[in-house]
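Okay, thanks for making time, everyone. Let me put the structure up and then walk through a few spots in it.

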Amino acid sequence: MKPYPSTNRIITVDALRGFALLGILFAHFIFWHTGAGLPPDTYSKFNDIGSQIAGAFNGIFIFGKFFTFFSFLFGLSFYLQMQSLQHKEQNFVLRYVWRLLILGIIGLIHHVLWRGDILSIYVPLGFVLLFARNLSNKWLLIIALLISFNLPARIIELMQLFTSATPAANLNEPPEGMEEAKRYYEVIKNGTFPALIADNWKALVSKFAFQFSSGRIYITLGFFMLGAYAGRMKWFETIEDSKPIIKRICKTSGFAALAVIIIPIALFIINNALKLGWENNRAMTMVFNLLVDAANTLMTLFYLSGVTMLMYRTRWQKILYPMAPIGKMALTMYLSQTLFGLLLFYHVGLGWFEKTSPGINFLLVFPVFTIQLLFCRWWLRHFNYGPVEWLWRSLTFGRWFPLKKQQTAAA
């Protein structure tokens with residue numbers, strides 16, 4: 001196959017973003033687009049076969065994989081933006097910082113609407129990426145891999161094990177505590193719009209506390225740095241030349257993920273069969289958390305490299321390239337997922353929370369994603385940027401960029 005021209009290179013990255021947003025939509029919609037933990041009995045209400053399949057699919061293939069997938073691509077974009085600004089301006093650091101601050105404002109506005117917002121997490125990590133720009137390729141990769149496997153959280157957990165300190169947060173438990181989980185439940189089910197905003201704003205501190213206690217913020221930073229490393233190595237600029245390394249990553253991460261997934265399944269079966277009570281053993285909990293983090297990271301690497309490999313094939317390009325318009329408007333589409341979630345599930349909208357099962361919610365992803373895709377195709381026929389992308393770009397540079405396509409031609 002002939003090397004891709006530059007336009008295909010751009011389509012490849014945009015298609016990856018579109019695929020990532022589809023995974024994020026699945027992850028959020030299955031449980032009514034909630035942005036934090038709910039009381040455990042909320043999930044146990046739905047035991048139909050469709051909900052069980054949706055829950056298992058989410059746990060095995062979705063949960064913990066696509067926020068890292070999206071983070072890798074954001075890290076790649078941040079690196080490319082940084083390089084572009086560095087070539088254009090002497091004071092590129094100030095421009096980059098200003099760009100991050102604008103994104104932070106967008107993220108905070110989004111957070112008060114939906115507390116699961118990731119942009120408010122990305123902004124401080126974008127500053128870390130700025131300081132990491134002078135690291136060598138070797139050290140950037142080493143540090144990125146160590147923290148993408150959540151090594152800092154595991155070290156903290158090990159220290160707590162030997163000091164009898166309170167264990168770190170469990171990913172399957174509400175990070176804010178049961179009382180706050182109950183209050184969040186009431187806000188979703190019966191709360192007014194002002195009550196929703198007030199409760200989300202109040203949860204900002206606990207959200208960051210959970211990010212550190214669970215280690216998610218370290219994992220996100222790790223994938224940010226891996227995205228920057230991929231940008232340095234020009235894997236998506238010389239995509240044909242990069243095919244051997246991407247293929248090697250795909251095979252290695254795939255087999256390693258399979259091995260890591262089998263181990264906790266075996267431990268679970270042994271624990272239940274012999275009634276060993278490992279679920280109450282902090283050391284075994286730490287081992288299980290280590291394996292879960294490793295599996296999620298390896299599967300993310302497998303998804304990233306595997307989907308990229310598929311796009312070398314013409315047949316798969318026909319399936320994946322249509323996602324590129326959503327990827328080109330990734331920020332707008334990410335925010336629009338919240339609008340759909342609030343409209344469908346929350347009391348401020350149609351109030352389908354707990355009226356639909358996780359199985360039905362799984363199916364709802366397809367019409368919502370189709371609406372997004374059709375909107376993006378229509379929008380990009382008439383405009384140069386997505387609406388939020390255009391606003392972010394214009395505020396960054398202090399001038400209004402042409403939005404309508406005919407304005408570009410006139411200019």
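So, quick one to start: is N150 buried or exposed? Buried, because its relative accessible area is 0% and the cut-off for buried is under 20%. Before I go on, keep in mind that this is a predicted model. N150 sits in the loop between helix 7 and helix 8. Its phi is near 65 degrees, so we have a positive value in a residue other than glycine.

Now look at the helices on either side of that loop. There's a nonpolar surface patch of about 560 Å², made by W139, I142, L146, L151, I155 and M159. Helix 7, residues 137-148, and helix 8, residues 151-163, are the elements that each give two or more residues to the patch. W139 belongs to helix 7, and with a relative accessible area of 48% W139 is partly exposed.

There's another positive phi, at K234, near 60 degrees, and again that's not a glycine. You'll find K234 in the loop between helix 12, 216-232, and helix 13, 243-274. K234 counts as partly exposed, at 41% relative accessibility.

Last stop, helix 5. It runs over residues 92-113, so 22 residues, and at 1.5 Å a residue it should span 32 Å. The end C-alpha atoms are 32 Å apart, which agrees.

How values were computed
Residues numbered from 1 in each chain as written. Predicted model: local features only at pLDDT ≥ 70, side-chain atom pairs only at ≥ 80, totals over all residues. Heavy atoms only, no water. Patch = residues over 30% accessible without salt bridge, like charges linked within 9 Å, V, L, I, M, F, W, Y side chains within 5 Å. Areas by Shrake-Rupley, 256 points an atom, 1.4 Å probe, with all protein chains shown as cover. Salt bridge = Lys/Arg side-chain N within 4 Å of Asp/Glu carboxyl O. Helix = DSSP H or I, 4+ residues; strand = E, 2+ residues; numbered from the N terminus. Buried < 20%, exposed > 50% of the residue type's maximum accessible area, 1.4 Å probe, protein only. Expected span 1.5 Å × (residues − 1).
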